[in-house]
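The sequence and structure come first.

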Amino acid sequence: MKTAQPFVVEIIKPSHYDDDGYVIQWWRAFVPSNSLACVWALADDARARHVLGPDVEIKIGGYDEMHTVVPTRQIIRNIQRAGGRGLVVLAGVQSNQYPRAAELAKEFRAAGIPVAIGGFHVSGCISMLPELPPELREAQELGVTLFAGEAEGRLDELLRDAFAGKLKPLYNFLDDLPDLEGQVMPFLPQEIARKTFYFTSFDAGRGCPFRCSFCTIINVQGRKSRHRDADDVERIVRTYAAQGVQRFFITDDNLARNKNWEPIFDRLIELRENEGLRLKLMIQVDTMCHKIPGFIEKAARAGCSRVFIGMESVNPENLAAAKKYQNNIHEYRKMLLAWRAQGVITFAGYILGFPADTVESIERDIKLIQRELPVDILEFFVMTPLPGSADHRDMHLRGEWMHPDLNRYDAEHVTMRHPRMSADEWSDIYSRAWHLYYSPEHIETMLRRAQATRSGVKRLVGTILGYYGSYRFLRVHPLQSGVLRRKVRTARRPGMKRENPLTFYPRYVWELLKAYASLGRFAVELELKRRRITRQLRLAPYTDAALSLVEPPVEAAAEQPAACDSGGCESGGCGSSATEPAVIPVTALQLWNRSPAVANKHVA
C-alpha cells in the first residue's frame, strides 16, 4: 500500500505584546478566537475532501497564542520532516497583533517555511488605503503571502498553490465576499476549546448595515449582511455539544440585523427546551434591538445570558461625529430594562476620545450613566484610528500624525492627537474611567439593581470580578484577560533587552502572588456586599431613577433622531420612529443642552 505524503498546515492566531514587551497569554483565556475556528474548520474540510489529491494527507495544527505558547521550533521541524511541504497560516491578525505576527513570520521564513498572513489588518489596509503600507511591503519582501478577504471557498486555492510551491504575493478576495448559507461552520477541536473554559464561538452572519466611521467591519466584511441559516447553526451546536461545549459567543457584529435571527433562536429554543441542552450564549446587538418584536424574549429563551451593546457614547454630538446615527440616547434605558427583565447581563462598550470629549465631560457622562442607565458592565476603549476604518483612511490621506507602533492599536493606548485633551490627559482619563464607574458606591448600586430586578446578582458578582478585576489587578483589558498570566522570558519583543533569569522569575512570581491576592480580597468584598444587600432587600424593596421609565416633555421627544439611516438594514425589524416618546429623564436632556460643546453649537 502506497504511503500518503504529508502536507502540514499550522494555523496560529497571534496575541500581542504588553507594554513591557512580553506576549499577553494565559493558562486559560476568557475569549475564544472565531478566526482560528473558521480557518481550522476550512482546513479540516479540505483535508476530508482530499483537495491536494488522494495520495496527500493534510495534517493540521492549531494554536491560539492567548492561551498557548506557540512551539515555533516544533512547527519548523514538523514541516521539515514532511520534506518542506507545509504552510504556516497566521490567521485573524488584528492591527495590534501585527508586530507579533510579523516576528513569528520572520522566524518561519528564516527556516524556509512558507507563511501566509490574513485578518483585519491586511484586509483593512488593502480595502481602504491607496497603496500597501510599509509593514505589508516588508512582509512581501520576506516572501510572506498576504491574504485579504474571507477564506470560505478560497482556502483550497491557497493550499494547492502552497503544495505546488507557487504561492502568490497577494490573494485579494475583498470584492467577492462569499454567501454563508451551507458553508463550513467555524469549529475548534476539544483540546483547543477547553483552554477557553469550553467557551467557543461561531458567526451566524457577517457584515453590518451601519456607517460608523471608526469601524473596520463594514469595510472588510461589507455593509450588506450575509447570513447562515438555522440548519447551519443547529449542526455546529450539536457537534460542539457532543464534545461537552455548550457555551457560545455568537460573533456577529449585530445579531439583531441578521434576517435569520428568529428561525435560529427558534431552533436553539427547541434544543434547550425539548432536548435539554444547557446552552448559554453571548451575543452582540445594537441599541435599537428592543424595537424588534420578540427579539429579546426569544434571545433569552435561546440561552442568551449576556449581551454586548455598542453604546459608544451618551453624547449626541459624539454619536453624530462617528456617524453612529442608529444610536438614540432616548432609547438606551428602555432597551437596557428590556434585557434586564429577561435576566440577561448587559455589557456596553464606551469609547473615550470623540472630538467633543474633555476630561470634565467624560467624568460627567460617567456619573450620568451611573445615575440614569441600568447597564451592568461598562467596558472602556480609547478612540483609535484602526486601519480599515474610514477614520484611519481620512487621517492617512490628510497626512495627520498617527502613532507608528501598531502594537499600540489595541484601543487602550493613545495613537492620535485630540483637539481638547493632551495625550497624557487622555491616557489618564481612560485609566480613571474604570475606577470612576466601578466605584465602591456604584458597585453596590449595581448589585442592588440586580437583586431588586432578579436579574442574576450572583452572576453579576462574578462578572464584575472578571471585568473590573482584570483591569484593576491584572493590568489588562478584560477582553485580553484570562487565568494565570504566562510570561516567557525568551519571547520578549525585539529591541527590548532579555532579562536575567535571576531577576525575571522572582519578579514574575511576586507579580502573580500580589495580583491574585488582591483579586481574592476583592472577590470576598463583593460576596460580602452581595449577602448584605440580599438580606436588606428582603426587608425593603429597592428602586432608583435608572429602573424607572420616565418620559420627557413633548419638546424633548420631538428632537429624537431616526434610529437608522443606513438604508441597508435587511431585517425589517429596525422599527425606528422619530415620534416615539423618549425614556431618558428630562434632567439628562437638560444636562446635554448645558454642555459646552452643545451650547457652542447652538450659538454658532
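Predicted model: local features only at pLDDT ≥ 70, side-chain atom pairs only at ≥ 80, totals over all residues.

## Helices α18 and α19

α18 covers residues 457–474 and α19 covers 501–539; helices are DSSP runs of H or I with at least four residues, numbered from the N terminus. The two pack at an angle of about 150°, with their axes 10 Å apart. Axes are lines fitted to C-alpha atoms over the stretch in contact, and angles run from 0 to 180 degrees between N-to-C directions. That makes α18 roughly antiparallel to α19, a term for angles over 145 degrees; under 35 is roughly parallel, 65 to 115 roughly perpendicular, and the rest oblique.

On the α18 side, the contact (heavy atoms within 4.5 Å) is made by V457, K458, V461, I464, L465, Y468, G469, R472, F473 and L474. α19 brings A515, Y516, S518, L519, F522, A523, L526 and R530. By class, this contact has 13 nonpolar, 2 polar and 3 charged residues. Ala, Val, Leu, Ile, Met, Phe, Trp, Tyr, Cys and Pro count as nonpolar, Asp, Glu, Lys and Arg as charged, and the others, Gly among them, as polar.

## Helices α17 and α19

Helix α17 (residues 440–452) packs against α19 at about 50°, and the axes are 10 Å apart. α17 is therefore oblique to α19. Their crossing is right-handed.

From α17, the contact includes P440, I443, E444 and L447. Among the α19 residues in this contact are F522, L526 and R530, which also take part in the contact with α18. The contact of α17 with α19 divides into 8 nonpolar, 3 polar and 5 charged residues.

## Helices α16 and α18

The axes of α16 (residues 423–437) and α18 come within 10 Å and cross at roughly 135°, so α16 is oblique to α18. This crossing is left-handed.

Y430, S431, W434 and H435 of α16 meet Y467, Y468, Y471 and R472 of α18. The classes here are 5 nonpolar, 2 polar and 1 charged.

## The second largest pocket

The second largest pocket holds about 760 Å³ of space. A pocket is an open set of points on a 1 Å grid over the protein atoms alone where a 1.4 Å probe fits, with protein on both sides within 12 Å along at least five of seven lines; lining residues have an atom within 4 Å of a point. Points are joined across faces, edges and corners, and the volume is the space filled by probe spheres set on them.

Its lining has 28 residues, with D18, L474, R475, V476 and R485 nearest the centre. They divide into 13 nonpolar, 4 polar and 11 charged. α18 and α19 each supply at least two lining residues, and α19 gives the most, with 8.

## Basis of the values

Residues are numbered from 1 along each chain as its sequence is written, and side-chain values use heavy atoms, leaving out hydrogens and water. Local features need pLDDT of at least 70 and side-chain atom pairs count only at pLDDT 80 or more, while totals for chains, interfaces and linings use all residues.

Definitions and conventions:
Left-handed = near helix turned anticlockwise from the far one by under 90°.
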